[in-house]
Amino acid sequence: MKFFKYILLFFGILFFNGCSNNTNNIQQMNLLASSLNNSVKDGEKLAKILLFIVKHYQLIWKDGYAICRILEACCEILTDDDSVNDLSILLFKLSFDKDPKKENDRKDLAMTGLNSVRGVAAESSIILFNNLLENDIEPPELLFYLLKRFSRDSVKGVRSSILRRLAYTLYKKPELGWQLFEDIFRDSENTLWRYSHSCFYYQYYENFDKVKPYLERLIQESPNEAGEIWANIFSLAYLSNYVSEDELFFNLENINSEKAWEGAIHVFIANIDKKENNQPCESALLRAISIKMLSKDRIRQIEFLFGDHK
């Protein structure tokens, strides 16, 4: 069970901070251990104990990363009003933690988020928000304001922590979800677009009018980093009759990105077996072959598909 790891972590922090030499603390630890032993079969009780520890034992705040990981575990299970309020306040406190080490756009932004206090706090916040939505509980305004704060963070890795889990928020609360998405991409971006696929994939069919302007931004700002995402979603939009074949190929030729071509061709190959998509996929693949010099392996794959569909 995930919580056991954080219980051990808590006692380890107390020990290394010299708390184990204090008689009162030893007695308190024994009481907590007894409580935990009686609660191991009840994840909610265990999470509340962890939350109580974080809230009342200020000494363990010396290790902010341990704290944010404990809170993350609590966010995955607690949904009662008092716990949600406590978690929101504690996560808000962590939003003021120092910046992670200077980011390098060539590195994985997700790792920057996962290895920083603010990044984990941001992810914990949206985990809690989505958990409430999943249980049909209206999240408090404070929690949404906290998400907006993280979505506007100066560190891209922190913003990526929100973006990677935003698809479910968009599904359950479209208006609020798009506000957060807009905050994340308030400025011209390059590397962040690579984490946008799930948001677009689960929104394009019902809300292509909302998705299309962002796709246009994506391909202008990040053709090399995220060209495949653009092509994937735009090709699916073509198969759903949101864009014409001419519009799709006009853009593919203008962009002239290997990743974009690969993304589009992958969609056509993956969907050619579907009866409703067979004709548009065949038409698009034939057009792609006539325009683009594809690899021998890709051409053989396409030839095999056409032979299989004669």
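Guide: This is a predicted model. Glu123 forms a salt bridge with Arg164, with the closest N and O atoms 3.7 Å apart.

Visitor: Where do Glu123 and Arg164 sit in the chain?
Guide: Glu123 is in helix 7, residues 117–134, and Arg164 is in the loop between helix 9 (156–163) and helix 10 (166–172). They are 41 residues apart, so the pair links distant parts of the chain.

Visitor: Is Glu123 buried or exposed?
Guide: Glu123 counts as buried because its relative accessibility is 5%, under the 20% cut-off. Arg164, at 27%, counts as partly exposed.

Visitor: How many salt bridges turn up in the whole structure?
Guide: A search finds 19. One of the pairs is Lys173 with Glu138, at 3.1 Å from N to O. Lys173 is in the loop between helix 10 and helix 11 (174–184), and Glu138 is in the loop between helix 7 and helix 8 (141–151). Lys173 is partly exposed at 23%, while Glu138 is exposed at 57%.

Visitor: What about Lys156 and Glu189?
Guide: Their side chains meet in a salt bridge, 3.4 Å from N to O. Lys156 lies in helix 9 and Glu189 in the loop between helix 11 and helix 12 (197–201), so the pair ties together parts 33 residues apart in sequence. Both Lys156 and Glu189 are buried.

Visitor: Which residues share salt-bridge partners in one network?
Guide: Glu44, Lys48 and Asp80.

Visitor: Now the core. Which residues have the most contacts inside the largest nonpolar one?
Guide: Phe181 and Phe200, in a core of 88 residues.

Visitor: What does Phe181 touch?
Guide: Leaving out residues up to four places away in sequence, Phe181 touches Leu163, Leu166, Trp193, Ser196, Cys199, Phe200 and Tyr214.

How values were computed: Residues numbered from 1 in each chain as written. Predicted model: local features only at pLDDT ≥ 70, side-chain atom pairs only at ≥ 80, totals over all residues. Heavy atoms only, no water. Core = buried A, V, L, I, M, F, W, Y, C linked by side-chain atoms within 4.5 Å. Buried < 20%, exposed > 50% of the residue type's maximum accessible area, 1.4 Å probe, protein only. Contact = heavy atoms within 4.5 Å. Salt bridge = Lys/Arg side-chain N within 4 Å of Asp/Glu carboxyl O. Helix = DSSP H or I, 4+ residues; strand = E, 2+ residues; numbered from the N terminus.
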